[in-house]
Amino acid sequence: DGCGYTVLGPESGTLASINYPQTSPNSTVCEWEIRLKPGQRVQLKFGDFDIDDSDSCHSSYLRVHNGIGPTRTEIGKYCGFGFKMDGLITSKSNEVTVQFMSGTHTSGRGFLAAYSTTDKSDLITCLENASHFSEPEFNKYCPAGCVIPFADISGTIPHGYRDSSSLCMAGVHAGVVSNTLGGQINVVISKGIPYYEGSLANNVTSKVGPLSTSLFTFKTSGCYGTLGMESGVIPDSHITASSVLESSHQTGQVNIWKPENARLKRIGPPWAAFISDEHQWLQIDLNKEKRVTGIITTGSTLAEHDYYVSAYRILYSDDARKWTVYREPGVDKDKIFQGNTELYQEVRNNFIPPIVARFFRINPLKWHQKIAMKVELLGCQFSIGRAPKITMPPPPQNKNDDKNGDFSDDFINSVKTSLQTDKTTFTPEIKNTTVTPSVTKDVALAAVLVPVLVMVFTTLILILVCAWHWRNRKKKTEGTYDLPYWDRAGWWKGMKQFLPTKSAEHEETPVRYSSSEIMYFYFVFVGACNTEYAQPLVGGIVGMLHQRSTFKPEEGKEASYADLDPYNSPVQEVYHAYAEPLPITGPEYATPIIMDMSSHPSTPLGIPSISTFKAAGNQAPPLVGTYNKLLSRTDSTSSAQALYDTPKGQLGPGAANELVYQVPQSLAHSTGSKDEPS
């Protein structure tokens, strides 16, 4: 009556004293007989040992024997509080007897131990967790029976498990090892996360866990992808059922709970059986043989219909006629899988070893109210290597053709027999995985290139849009009388070296206009002539310019056009504004303006008219006197009117052979008449 939690597997197992980890009761005894295959030896490892030693192991102790029965021999007798046994206890044969004796005592938890074959040198117990190991990655062997009621785990796959979780129990939850068989785990330690989710998988409930400094995951090399129920790869015609429930809604609408509705995470009603008994089934055709490593199930997922399956069996077949019920290796009874405990939660169960088949059936055994479920199968493709094709040379043509023919037939028959004999009859060992399997190289390459190309084209489009927008803004900022950005003073200075140089005399006498003079000329001359293009307002002596160039802008303060009064505005010497570029079909030089300053009241007699005609040669006509600027202001005491003759080439009062524009005259209107232009 002293036996506690016990799982004795064919190659490993777990055993504990009664009431562990609480204090064991007084006066109890238990014996465990462990048998392995002939030729193997047993090794025993203690995870916890706490037995009263007040009487020097006389009434309370743990004794280990080689062999079973009367011929057994003692290996050792152990007791003590918090006894530490770092090494392994190894037997001399494939049989071991473990005896626990509990006398009168007031404390002591008892013990928990694990056993395996001696070839598993990295054996650990079900109590080990990730914090017991300092390596970032390590391999350990978990014994069978690590789904213990007195341990817990936090987390799930693929995010990972909290470092305080039992390694082997988490391995069972993740589907890496079987609770019945045990197995090897490859653990990877990484940085912890703030929150660990809980889930139900392989009859192990993972709890929600808080922040931890580290977590662990399992590194495996198997297959764990979805096989097409949720995604729709499996067509509706490949999903069948024993019966279908039909129900009527209050509005009179008929709901049919079809088998094709049994797709995981699909919105709407699930598949439901018309009759709820143990003979109902849901069948899935995978179209060809595949390696199936697990299954995920949910209930109806409809709040108004609290239906779900709590236990089921799995059957599989290659032809949908002969069915096999899934059993774990070494177990002579059908495997019963734990289903859902409520209608929403996803529950996962893994097949260790995997199932290789085309047709699968889920046979519900227990349910809540009605049989209803949604499912998804986990696994990967399965392929068998083909036998090499045998190429035979043609037989020689001679008198012994009959003998050679008999020899060829015998050889072919022997080859067929050898191929049939060598055919593999067992399932290859493939480890399960806890993460989504890697996709093919082509898919991975496409997954990388597509986002990169999208980003590149998006960047180019943005650059073109920005350039177009900047160009439009640049054009808008250029006014009617402004020059393009490439024709400003900075550009002129850069091109100055390619143009003819002015003489020193010309540079000493620049011609400048005040703002009032500019406005006066603009309104009087341009308005009167009504020419097609505005002409530059320039006077004085100008040197030779290159073809299709405008006048060189002088440095200084820009002219102001705010003062429109040509008489009352103060005289300011400013530089003239830029002239507009001449059109392609225009003349080589700007149209000259000839002014006669002899009629100006303030002008001394004898001063010739100032013209903007280009002088012959490179020498410009000199200025007379000390006047070095052109004044176009008139006295406020006398009014005058500037008259212009019609340009050459047009009909008018002027003669056709005269200059292009005659000099305007300024006459007083005292008598109400005007002189003819000269």
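This is a predicted model: local features need pLDDT of at least 70, side-chain atom pairs count only at pLDDT 80 or more; totals for chains, interfaces and linings use all residues.
Biologist: What is the mean pLDDT of the protein?
Modeller: Residues are numbered from 1 along each chain as its sequence is written, and side-chain values use heavy atoms, with hydrogens and water left out. Of the residues of the protein, 61% reach 70 or more, and the mean pLDDT is 74.

Biologist: How many contacts beyond four places in sequence does the model have for residues 571–577?
Modeller: A contact means heavy atoms within 4.5 Å. Over residues 502–509, pLDDT stays under 50, and the model has 9 contacts beyond four places in sequence for them. Over residues 571–577, pLDDT also stays under 50, and the number of such contacts is 26.

Biologist: Which strands are the edge strands of the open sheet of 5 strands?
Modeller: Helices (H or I, at least four residues) and strands (E, at least two) are DSSP runs, numbered from the N terminus, and two strands pair if DSSP finds at least two bridges between them. The open sheet has the order 1-2-9-4-7, with antiparallel pairing. Each edge strand pairs on one side only, and these are strand 1 (3–8) and strand 7 (89–90).

Biologist: Which residue is the bridge partner of Q43 in strand 7?
Modeller: Strand 4, which spans residues 42–50, pairs with strand 7 in the antiparallel sense over 2 bridges. In strand 7, the partner of Q43 is T90.

Biologist: How many residues apart in sequence are the parts that the pair C3 and C30 ties together?
Modeller: A disulfide is a pair of cysteine sulfur atoms within 2.5 Å, and by this rule the count comes to 5 disulfides. C3 and C30 form one of them, with their sulfur atoms 1.5 Å apart, and with 95° about the S-S bond their link is right-handed. C3 lies in strand 1 and C30 in strand 3 (residues 28–35), so the parts that the pair ties together are apart in sequence by 27 residues.

Biologist: Is C3 buried or partly exposed?
Modeller: Buried means under 20% relative accessible area and exposed over 50%, with partly exposed in between (1.4 Å probe, protein chains only). C30, at 3% relative accessibility, counts as buried. C3 has a relative accessibility of 38%, so C3 counts as partly exposed.

Biologist: Is the disulfide of C57 and C79 left-handed or right-handed?
Modeller: The sulfur atoms of C57 and C79 are 1.5 Å apart. The torsion about their S-S bond is about -85°, so the disulfide is left-handed.

Biologist: With which side chain does the side chain of T156 make a polar contact?
Modeller: T156 has its place in strand 11 (residues 155–156) and is buried, with a relative accessible area of 9%. Leaving aside neighbours within four places in sequence, T156 is in contact with Y161, H173, E197 and S199. A polar contact is a pair of N or O atoms within 3.5 Å; within protein, one must be able to donate a hydrogen and the other to accept it, and residues adjacent in sequence count only if both atoms are side-chain atoms. At 3.2 Å, the side chain of T156 makes such a contact with the side chain of S199.

Biologist: Which residue takes a positive phi just after helix 1?
Modeller: Helix 1 (residues 167–174) is mostly covered, as 8 of its 8 residues are buried, H173 being among them. Just after helix 1, a positive phi of about 85° is taken by G175.

Terms used:
pLDDT is the predictor's confidence in each residue, from 0 to 100.
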